[in-house]
Amino acid sequence: RARRGGAERRLHSAERRRVPRRRRLTSRLGEINFSVIGQYVDYLVKEQGVKNIFVNGTTGEGLSLSISERRRVAEEWVTKGRNKLDQVVIHVGALSLKESQELAQHAAEIGADGIAVIAPFFLKPWNKDVLINFLKEVAAAAPALPFYYYHIPALTGVKIRAEEVLDGIQEKIPTFQGLKFSDTDLLDFGQCVDQNRQRQFAFLFGVDEQLLSALVMGATGAVGSTYNYLGKKTNQMLEAFERKDFSSALNHQFCIQRFINFVVKLGFGVSQTKAIMTLVSGIPMGPPRLPLQKASREFTDNAEAKLRSLDFLSFNDLKDGNLEACS
Ligand SMILES: CC(=O)N[C@H](C=O)[C@@H](O)[C@H](O)[C@H](O)CO
Ligand SMILES: CC(=O)C(=O)O
């Protein structure tokens, strides 16, 4: 009896311990781990040469976060980036104009360097004027912050050409500073540059595998998911372009393309990006949030092998006799 009682007690106490522990774990899973952001700032600056950050965008799953999470993430980046980063731009786009304005105002309060906004993508603006009216109302909530329009038609479904959006935008939005262009239409991108030559706008390109072509078209910078782990490589390409060494610039772009082409064929999106970021930086990014699902082990293994063969991982052991190496 005594033994059974003891066994029973043990079971109960084990149960009691196990249950809340598991609950705590599940509630933590899917929560943001704010504590790695400071570490990640140092990683990007030191290891990747990246000093400008675009927060709460596509890669950061900004649209999958609650408003209070978005505020906290923005605060953490601005605080931890102080005296280390050049610019922290916060994406504040949302379906609700009010939420977008609240986030814009918050970005100003915490001392961010700029805000960016995508087109609202459920009830959509159907022409340029309506889109600009929406952007204008958000920009007005942070009248001292540089404003960027984030053009990403494949994800928003808003296909209004960027060139049209930019036409006369400064009269409507005095803080307009530039465009983050995440589309492959280089006619549209080229015309954005060509029609605004007098205006000192930033033309930030967002299709990493085609950045070199965009540089030729007049891109002044780039914002992209792969710069988390190919920042250094991409900076080499930018430097080669700067010194007009186009054949090395092209070699760098081809190297980057080999990797992106490889992962695209495996199925490449934000979840997979997150897995690669963890792999290359060694800093745990955690899983994505639903509706995204964690990248498969098979994907990560394949991506790692490819990174190694291209010499994109620092601990490279295949250097000798590796024809594909990109360094
Ligand atoms: C849709 C998407 O995530 N676009 C990113 C930036 O906008 C890019 O950086 C891509 O992830 C990258 O070019 C790889 O295709
Ligand atoms: C990659 C990028 O530009 C974004 O996450 O929004």
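Of the 327 residues of the chain, 37% count as buried, a term used where 20 or more other C-beta atoms, placed from the backbone, lie within 10 Å of a residue's own; exposed stands for 12 or fewer, and partly exposed for values in between. This is a predicted model, in which local features need pLDDT of at least 70 and side-chain atom pairs count only at pLDDT 80 or more, while totals for chains, interfaces and linings use all residues. Residues are numbered from 1 along each chain as its sequence is written, and chains are lettered from A and ligands numbered from 1 in the order in which they are written.

The chain has 14 helices and seven strands, taken as DSSP runs (helices: H or I, at least four residues; strands: E, at least two) and numbered from the N terminus. Contacts join residues whose C-beta atoms, placed from the backbone, lie within 7 Å. Among contacts between residues at least 6 apart in sequence, 67% join residues at least 24 apart.

**Annotated site**

The unreviewed UniProt entry marks Y150 and K180 as "active site"; such annotations may be inferred rather than shown by experiment. The two span 31 residues in sequence, yet no two of their C-alpha atoms are more than 4.7 Å apart, so they gather at one spot.

| Residue | Strand |
|---|---|
| Y150 | β4 (residues 147-151) |
| K180 | β5 (residues 176-181) |

Y150 counts as buried because it has 26 C-beta neighbours inside 10 Å. K180 is buried too, with 26 C-beta neighbours inside 10 Å. Neighbours within four places in sequence aside, the contacts of Y150 include H91, A116 and K180.

**Ligand shell**

G206 also belongs to the shell of ligand 1, along with T58, I152, L155, S182, V207, D208, E209, G224, S225, T226 and I260; a residue is near the ligand if its C-beta atom, placed from the backbone, lies within 6 Å of it. The shell divides into four nonpolar, six polar and two charged residues. Here Ala, Val, Leu, Ile, Met, Phe, Trp, Tyr, Cys and Pro are nonpolar, Asp, Glu, Lys and Arg charged, and the others, Gly among them, polar.

**Domains**

An automatic or database assignment supplies the domain bounds: domain 1 covers 32-224 and domain 2 covers 233-327. Their C-alpha centres lie 24 Å apart. In all, 15 residues of domain 1 are in contact with 18 residues of domain 2. On the domain 1 side, α2 (37-48) and α10 (211-216) each supply at least two residues. That side divides into six nonpolar, six polar and three charged residues.

Definitions and conventions
Two residues are in contact if their C-beta atoms, placed from the backbone, lie within 7 Å.
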